[in-house]
Structure formats: C-alpha cells, structure tokens
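Trainee: Please take one part of this model and go through it closely. Then put that part in its wider setting.

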Amino acid sequence: MNLNQSPIWTLISTFGLMSLFAVGGANAAIPEMHRIAVDVQHWLTDKQFADVYAISQLSPGPNVLIVTLIGYAVAGVAGGLAATLAMCVPTALLAYCVSRLLTRSSHSRWPAIIQAALVPLSIGLMGASGLVLALTSDRTWTAGLVTAAVAVLAFATRLNPLWLLLAGGLLGFAGFIG
Amino acid sequence: MPPDSPPVAIAAPEPSISAAPGLLALFAAFARMSLSGFGGVLVFARRGIVEQHRWMTAEEFNETFALCHFLPGPNIVNLSVVFGSRFRGVPGSIAAFAGLLGPPVVIVTILAVLYGRYGEIDALRRVLAGVSCAAVGLLISVVFRMMMPLIRKRDVVGVVVMAAVFTAIGVLRLPLPAVLLVAIPLSIGITIAMRRRVSA
C-alpha cells in the first residue's frame, strides 16, 4: 500500500496544515473540520460529527480534543494520536520560536497591530463554527430552543458550563430534543 | 457558590512570585488544569498559574496569552509550550505540553471506544443529541461575549471584517486557507491605515 494513501498520513497532512490556519484556536477551525471530515473525506456523517463535538465538550481538557475523536473514527487509537499531534505540534513549535524572538523586542508595535487585526477575524470564525454546528445539531425546533436557552443562560450568568451540558443531556434523554 | 465566581479579586495583588517550577511540577500543574477544564482550559490555567502557584503576575499571564492567541493553533497548547520553556527550556515545554494533552487524550480515547461500541443505543443517542445542542449554545454565548468589546468600541471595521469572515466560512462554506490568505492581509492593511488616519 502506498504511503500517500494510508489514512494516518492523510490525517497528519490534513490536521498539520489546518493547525497553521487555525486562527483563534481549535473552535474557530470547526467549519473547516466539518468541511473536510464530512463533505470532502466522508470520514463522518453529519450526525456523527455533532456527536463527536458533544463528546469533546463533555470530556475535560482543551477544545482541540475533537481532533482526537475524528482521528480515532478514521484509524483507531493511532489515528487519534496522529491527528492530535499533527494539530498541536507545528503551531507549538511556532509559538516556541516566536516567544523566544519576542522576549528581546517586546516593545515592537507589530504584535499589537496583528492582534487588533486578528481579533475580529477569529470572532467571525467562531461565529461560523456556531452556525455550522447549529445546522448539524439542531434538527428540530425544540433542539434549536435548547441551544438558544443555553446561549442566553451562559451569556447572562456565570453557571458552570458542565451543568448546562448535563441539563442538555437530560432533556435529550427525556426525549425533548426529538 | 458557583465554581466560576471570581476568586478574591479584591485582595491587593501580591507581587511575590514563587520559585520556578520543576519538570514534574509543570507536568502535574498542567494536567490538573486540563482535567478541571470543561468547555475550555483558559479559566483554569489563569487560576492555577496566577492565583494558586503564583508563577506569573496577572500582566505577565495576559501578555503571554495574547501572544498565544494571535498565533495559529490551539491557544492553550501554545500557552503550555511558551510557559514551560520560560522556566525550564525545551524540557519544560515538553513537560507542560504532555501534562496538558496526555491525560485528557486518554480520557477522550476511552470515550471514543465507548461511543464506537454503544453509540447506536437509542438512549445514548438521545443524550448526545441533547448535549450537542447545549454545547452549541455555549459556543454561541462565547462568540457574543467576544463580540461585546467590538460593539462597545463602535469598531465598524472590526464588525465588517467579522461579518465577512462569518459569511465566507459559515454561509458560503469556502475553504479556510483561501479565506484567511485574503482576509488576514486585508485586515492588517485596514488596521494600519486606520491607525495612520487616527494619528494623522
């Protein structure tokens, strides 16, 4: 079997490249993950993608763990590890190098300009993530209602997010989501 | 008491910073922050590094996080590497990185195995459907929280850039690299032009 066709290699090249464009973190790259995993590679169905996102939010740890789950679905434990490292290592190396460079010249105005330019961009990306995920998860009007209620509660209060996730799970178990 | 209530922000900020952590302490601290982080680790990282261990002042933490936020990739992973290297060089980076990712990857892999085996059970499907609806709501609330400063500042350019990226990625479903290769230079150019106009 050709190395270029091995699923592990596809995972590494896909997520290695994606990490370099993940401005605003892993949650901002959700639409790209959905586009590649569901539409281009057909690794997951729409429903499985929504499930994988839910599991990644239910488990403790950084949001990037959704990549571990996608990798696992493609090629088991090795796939999960490969996808996670591919998503994390390239940008970690970049962060290491940049922080070394910046410790000397921390008064340059470039970081401030780049930051000001990138903040609205990453909010737009996260908003797109919200839309893509809402379209995959909220198949019924009651599901949309739960999403809206959680959004309002989380925006207006300081409730621990875990309680809201568990409340959603309970409503789902009770058959409210449909 | 909600676990997210602001921890004693009133107390005078003590400038005393503890001694630099060792490799094992770095691994353990990042593992603990990561395992308490449901829906994102940042809050717990700030609490652990600044308040609990006093390895950094609040300003140092903000500066470090700002750097990691404007670089691509998972922000908190970047933060672990930058933080670890500051105290213990490359081994410190690896210790913090491994602490942040190792334990939760094990947990999420176990969940993946369980999902693979029992994911078709009807009750579990219903629970996951409910959790994902709630998770989407949480994400939307974060987006609105992040939008508030732009709206308060009446940052018209920022709102336009945000809306354009949202439309390109969320509605038109264009590939991320193509969109960013246009949007990043454009946004930086506009930001520089606006600053010149303000200072002129």
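Mentor: Start with the layout of chain B: its domain assignment gives domain 1 (23–118), domain 2 (119–149) and domain 3 (155–200). Those bounds come from an automatic or database domain assignment. The centres of domain 2 and domain 3 of chain B, taken over C-alpha atoms, are 28 Å apart.

The model is predicted, so local features need pLDDT of at least 70, side-chain atom pairs count only at pLDDT 80 or more, and totals for chains, interfaces and linings use all residues. Residues are numbered from 1 along each chain as its sequence is written, while chains are lettered from A and ligands numbered from 1 in the order in which they are written.

Now the two chains. Chain A has seven helices and zero strands. Helices here are DSSP runs of H or I with at least four residues, strands are runs of E with at least two, and both are numbered from the N terminus. Along the sequence, the pattern of chain A reads α-α-α-α-α-α-α. The C-alpha trace of chain A spans about 55 × 50 × 25 Å along its principal axes. Chain B also holds seven helices and zero strands. For chain B, the C-alpha trace spans about 55 × 50 × 40 Å along the principal axes.

Burial comes next. A residue is buried if 20 or more other C-beta atoms lie within 10 Å of its own, exposed if 12 or fewer, and partly exposed in between, with C-beta atoms placed from the backbone. Chain A has 178 residues, and 54% of them are buried. In chain B, buried residues make up 42% of the 200.

Here is the part to look at: H3 of chain A. H3(A) has 13 residues. From first C-alpha to last it reaches 19 Å, close to the 18 Å expected at 1.5 Å a residue. The expected span is 1.5 Å times one less than the number of residues. H3(A) is mostly covered, with 10 of its 13 residues buried. Among them are A:Phe49, A:Val52, A:Ile55 and A:Ser56.

What does H3(A) meet in chain B? Its axis and that of helix H5 (residues 122–152) of chain B come within 8 Å. The two axes cross at roughly 75°. Axes are lines fitted to C-alpha atoms, for helices over the stretch in contact, and angles run from 0 to 180 degrees between N-to-C directions. H3(A) and H5(B) are therefore roughly perpendicular to each other. On this scale, angles under 35 degrees are roughly parallel, over 145 roughly antiparallel, 65 to 115 roughly perpendicular, and the rest oblique.

Which residues touch? From H3(A), they are A:Ala50, A:Asp51, A:Tyr53, A:Ala54, A:Gln57 and A:Leu58. H5(B) answers with B:Leu128, B:Val131, B:Ser132 and B:Ala135. Contact means that the C-beta atoms of two residues, placed from the backbone, lie within 7 Å. An α-helix has 3.6 residues a turn, so residues three or four places apart point the same way. By class, the contact has seven nonpolar residues, two polar and one charged. Ala, Val, Leu, Ile, Met, Phe, Trp, Tyr, Cys and Pro count as nonpolar, Asp, Glu, Lys and Arg as charged, and the others, Gly among them, as polar.

Step back to the whole contact between the chains. Chain A gives 91 residues and chain B gives 84. H3(A), residues 46–58, is one of the helices of chain A that each supply at least two residues to this side. The largest share, 22 residues, comes from H5(A). The side of chain A that touches chain B has 61 nonpolar, 25 polar and five charged residues.

Phi of A:His42 is near 55°, a positive value in a residue other than glycine. Most residues other than glycine have a negative phi. A:His42 is exposed, because 9 other C-beta atoms lie within 10 Å.

B:Arg54 has a positive phi of about 50°, although it is not a glycine. It lies in the loop between helix H2 (42–52) and helix H3 (58–70) of chain B. B:Arg54 counts as partly exposed because it has 14 C-beta neighbours inside 10 Å.
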